[in-house]
Each structure stands twice: as C-alpha cells, then as structure tokens.
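Please read the following account alongside the model. It moves from a few terms to the overall picture and then to particular places in the chain.

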Amino acid sequence: MRTYLLLLLLWLGIADLHAQNYPKVIAKTGDGVYVLLRRHGLDPTAHFKAFVDLNKKNIGEGNSLYAGRAYLLPLANPAASDAPGAAKKTTSASVLEVPLFGKDYERVKIIDRKLQGAVYYLMAGHSGPDPGAVGKYGPYMLSEDEYAYDVTIRLARRLMEHSATVYMIIQDPDDGIRDQTILKMDRDEVSYSGKPIPYDHKLRLRQRVNEVNTLYKKHTGAYQRMLSVHVDSRSKGQNIDVFFYHHENSPSGLALAESIHKVFTSKYQRYQPNRDYFGSVSPRSSLYVVKYSHPPTVFVELGNIRSEKDQRRFVTPNNRQALANWICDGILADYASHKDK
C-alpha cells in the first residue's frame, strides 16, 4: 500500500518528495539531456527515459533543456528509485535493458559469450542535418540516414546478445528499432557524447571519428573494430550489391570485410540462387572515417536507396534485420578466427 501511495505522489509531481529523493542540478548553456547526464556520471542510454519522466514538465520541445534551470537526476542505482519510467534493473545477469533500442526491443537476452572481450564502434552514416542520399518510393521519400541507422542499431543489439561491448556513435533516443515500412525523416540524432551533429560535412566526420578515437584509447589492448554503415545512392535506378571498403594498410580491416562479404555471398547463393551477387571487398583509404579512425574499420554500402529493387531491401523490416544478422555472422566468424590465432 505504501508503495502504491509513493508512486501516486510521484506521478502528481510533488516537488518536495522529488527533492528528497533525487539530486538537483543546473543546466548549462548548450546542454542536452545526454550531455547533462554524462557530466554527472550517468549513462544516457540507461537513464534518458527516467530523466525525461522526472522532468517532463520542465523540458522544452524535442527534449531540449533550459539553461539556468534546475533538473532532477535519476538515481545511479535505478532499482532504488520508484520514479515512473526509471530504468529497470534486470533480475538476471543474462538480460540487459537498453532504452536506446526502444520499448519493444530494450530487453536484450545474452545468448552466449562468443564476442566477450570484443569492442565495436557502430557508426550510422550521415544523420542530424544531413539525411544522406534520398530516394522516392511511391508518394514517400526514403532517406539514407534513417535506414542506415535502423540496420546499425539492429546490429548493435545482435552483437550485445553475444556479449560484445558496443558503442553507437550516432544515436536517436526517440526512434529505437523501428518495424515500420516508411521510416520518418528527422534531424534529432546526436553524437555518442550527446552533442548536436554539425551542419558542416567535414566537422560531422571529424566529430564522430574523434569520439571513436577517444573511446579507443580507453580500451587500449582490447580487440576493437569499427563499422560505418551507409546506403549508397550512385546513379538513379542503378541496382547494386553490398560493398565493403577498408584501409589499404589495415590487414585486420581487410579480414573483417572479407569475413562479412563471405557471409553475404553464401546467403545470396542460398536465398537468391538465380541472381548473381556482385558485391566486393576493396580498399578505399581516402574515405575519412576509414583513414582517420584508430580501430580497424569497415565501411559498408548496403545498397541503392534510389533503386526500386534495392528499396524493397530496406523498407521491409525483416530485410533490415536480415542485413544486420548477416553482418553479425561475419563479425562472429572474424572474431573466432582472431581468437584461434
């Protein structure tokens, strides 16, 4: 009964009760939710929803914060809080809860330890003010960044199921994994650190690469890999396959690219035996994220957003999941080969 009354009071937003249970901090100019949480030692992916629920009457459009205004922080141990929407502590060490994946996918069951010790940086292409390539699909417009992001976040979840450490370098806390055919275009993606994505193309690339390289230093000595996921435009109507690029001086990047390519070749032979697969592995050392990222990097082109045939690959949620699964299978094979050496 006491628990019920406490929850009721919290829902009514009684400030005195909040003040007793939750730390209060002041937002600085330029702060977003992610930046504020990180500055106070909280993981945004675990505490974002709890923060928004605690402060929903004090947050602007698009979950923006007001400089100089006080905000309540979720407790570092979510299980100690009865606040509505607080991140839940799982009852089993084999289950994680990742709010970034969305309410339908946030519970991640660890199925094995095949990728334990491996660290992956996943970078969905473009995002923020840059939608990337755009294709017309009937009355709808499809943007590269939304479909690349959905495949990338699905891949993140698959890797975590195998106990990998995974960093989503581009994040959209509002979207999660989506099972819609048409993915709504927006510009609210942020960097891993919670910073807005710059308008300038080179600054965008520099920002995400710098964040990868900063994290890379924290995991010195560990097996680390980076994947950048794109949906190529090329010429309108040209049907292409999945291509993998690596740095010419990175044997580890080449090995990962070849491992994933091998899976795709096998899957095409199995599921589309009457269709030739022309996807390939090749060096593209001039690509910014390939050239300047410290971990061995694979740049993946998933298809042509302007091709009617390839559009069907992206608009069907099961197909996006299949792409993530196939990439994951290649990653698993690469890591197994690495451990065997």
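Two residues are in contact when they have heavy atoms within 4.5 Å. With that cut-off, and leaving aside neighbours within four places in sequence, Glu106 is in contact with Leu96, Glu97, Val98, Pro99 and Phe101. Glu106 belongs to the loop between strand 3 (95-97) and strand 4 (107-109). Its relative accessible area is 17%, so Glu106 is buried; the word buried stands for under 20% relative accessible area, exposed for over 50%, and partly exposed for what lies in between, with a 1.4 Å probe and protein chains only.

The model is predicted, so local features need pLDDT of at least 70 and side-chain atom pairs count only at pLDDT 80 or more, while totals for chains, interfaces and linings use all residues. Residues are numbered from 1 along each chain as its sequence is written, and side-chain values use heavy atoms, with hydrogens and water left out.

Confidence comes next. The pLDDT is the predictor's confidence in each residue, from 0 to 100. The protein averages a pLDDT of 84, and 86% of the residues score at least 70. Confidence is lowest in helix 1 (residues 2-12), where the mean is 33, and highest in helix 8 (residues 288-292), at 98. Over residues 1-20 the pLDDT stays under 50, and the model has 17 contacts beyond four places in sequence for this stretch. Residues 77-92 also have a pLDDT below 50, with 29 contacts in the model beyond near neighbours in sequence.

The protein contains ten helices and 14 strands. These are DSSP runs numbered from the N terminus: helices are H or I with at least four residues, strands are E with at least two. Of the 341 residues in the protein, 54% are buried. Among contacts with a separation of 6 or more, 72% are between residues 24 or more positions apart. The protein exposes about 16600 Å², of which carbon and sulfur atoms supply 51%; accessible areas come from the Shrake-Rupley method with a 1.4 Å probe, and for residues only the protein chains shown count as cover.

With strand 14 (residues 297-304), strand 12 pairs in the antiparallel sense over three bridges, and Phe243 stands opposite Glu301 in strand 14. With strand 13 (residues 281-283), strand 12 pairs in the parallel sense over three bridges, and Tyr245 stands opposite Ser282 in strand 13.

How many aromatic pairs does the structure hold? There are eleven aromatic pairs. Rings of Phe, Tyr and Trp (its six-membered ring) pair if their centres lie within 6.5 Å; planes under 30 degrees apart count as stacked, over 60 as edge-to-face and the rest as tilted. One of the pairs is Phe244 with Phe264, edge-to-face at 5.6 Å centre to centre and 70 degrees between the planes. Phe244 is buried, with a relative accessible area of 0%, and Phe264 is buried at 0%.

Phe264 also forms an edge-to-face pair with Trp326, 5.3 Å centre to centre and 85 degrees between the planes. That pair links distant parts of the chain, with Phe264 in helix 7 and Trp326 in helix 10 (residues 317-340), 62 residues apart. Trp326 counts as buried at 14% relative accessibility. Ring pairs link Phe244, Phe264, Tyr268 and Trp326 into a cluster.

The loop between strand 5 (118-124) and strand 6 (134-137) holds His126, and Ser127 lies in that loop as well. His126 has a phi near 65 degrees, a positive value in a residue other than glycine, and counts as buried at 19% relative accessibility. Ser127, also not a glycine, has a positive phi of about 90 degrees and counts as buried at 1% relative accessibility.

Key: Pairing = 2+ DSSP bridges.
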